[in-house]
Amino acid sequence: MRPMTSLVGDTAALDRFLDVFPAWLRTLGEDAGALGSLVAEGDDETRRYVTSGLNYIFKSLDLIPDGIDDLGFCDDAFVIRVAAALACESDANAKNGILGRLADDARQVEAFLGDDYPRLVAYVKGLRKGAARGRTVEDIMTDASARASFVSEVAAWSKEYQVPSFTRDVKTLIKLKAFLSAKLA
């Protein structure tokens, strides 16, 4: 994978990201809702990754604060894709439907982040131990009431999600890369 510095000279590569990332922001609510339906079914390892990716959406202190114009929800879109890729790695049979599509998208996250991608993967793996809204992934996985509440909150969030702006400019990509690189260091 090429680092961002080499991408700056490659307009075609940048144009791809300038088209892809806004599309991911447009479908983030739908993607989260579809993943939420998987939390109650499937292999535990797969569900743990899906749950940790979705629980990230509710973190008050995430990699990029949601209120930052153009960038605020990009990290959420990246995290659920990496979580889907990890879920598919844990169970090859899971690589279909929404999980397969998002896992495939993770390759574009890797192409964009380059050397920072392994740090994002490590970060997403660590989310399995974290908490959001006072709930850990383990709480959600082992407590039927917590799981039902979580799935309901994901469904509500996905319906209320407002697609944010994303300025189709190379500077937006440079800011995104710099922000993530600094936070993942």
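Author: A salt bridge is taken here as a side-chain nitrogen of Lys or Arg within 4 Å of a carboxyl oxygen of Asp or Glu. The model is a predicted one, in which local features need pLDDT of at least 70 and side-chain atom pairs count only at pLDDT 80 or more, while totals for chains, interfaces and linings use all residues. Residues are numbered from 1 along each chain as its sequence is written, and side-chain values use heavy atoms, leaving out hydrogens and water.

Across the whole structure, a search finds 14 salt bridges. One of them pairs Arg81 with Asp31, with the closest N and O atoms 3.3 Å apart. This pair links distant parts of the chain, since Arg81 belongs to helix H4 and Asp31 to helix H2 (residues 11-36), 50 residues apart; helices are DSSP runs of H or I, at least four residues long, numbered from the N terminus. Arg81 and Asp31 are both buried, that is, under 20% relative accessible area, where exposed means over 50% and partly exposed lies in between (1.4 Å probe, protein chains only).

Two further salt bridges are formed within single helices. In helix H5 (residues 97-113), Asp104 and Arg107 lie three residues apart, about one turn of the helix, and their side chains meet at 2.6 Å, N to O. Asp104 is partly exposed because its relative accessible area is 32%. Salt bridges with shared partners also join Asp31, Arg81, Arg101 and Asp105 into one network. In helix H3, Asp44 and Arg47 are likewise three residues apart, about one turn of the helix, and the closest N and O atoms of their salt bridge are 2.4 Å apart. Asp44 has 39% relative accessibility and so counts as partly exposed, whereas Arg47, at 10%, counts as buried.

Asp70 presents another case. It is placed in the loop between helix H3 (44-57) and helix H4 (74-90). Asp70 is buried yet has no salt bridge, and the nearest side chain of opposite charge, that of Lys175, is 4.5 Å away; Lys and Arg count as positive and Asp and Glu as negative, with His and the chain ends not counted. The side chain of Asp70 does make a polar contact with the side chain of Ser165, at 3.1 Å. Such a contact is a pair of N or O atoms within 3.5 Å; within protein, one must be able to donate a hydrogen and the other to accept it, and residues adjacent in sequence count only if both atoms are side-chain atoms. Apart from neighbours within four places in sequence, Asp70 is in contact (heavy atoms within 4.5 Å) with Leu25, Ser165, Phe166, Thr167 and Thr172.

Key
Helix = DSSP H or I, 4+ residues; strand = E, 2+ residues; numbered from the N terminus.
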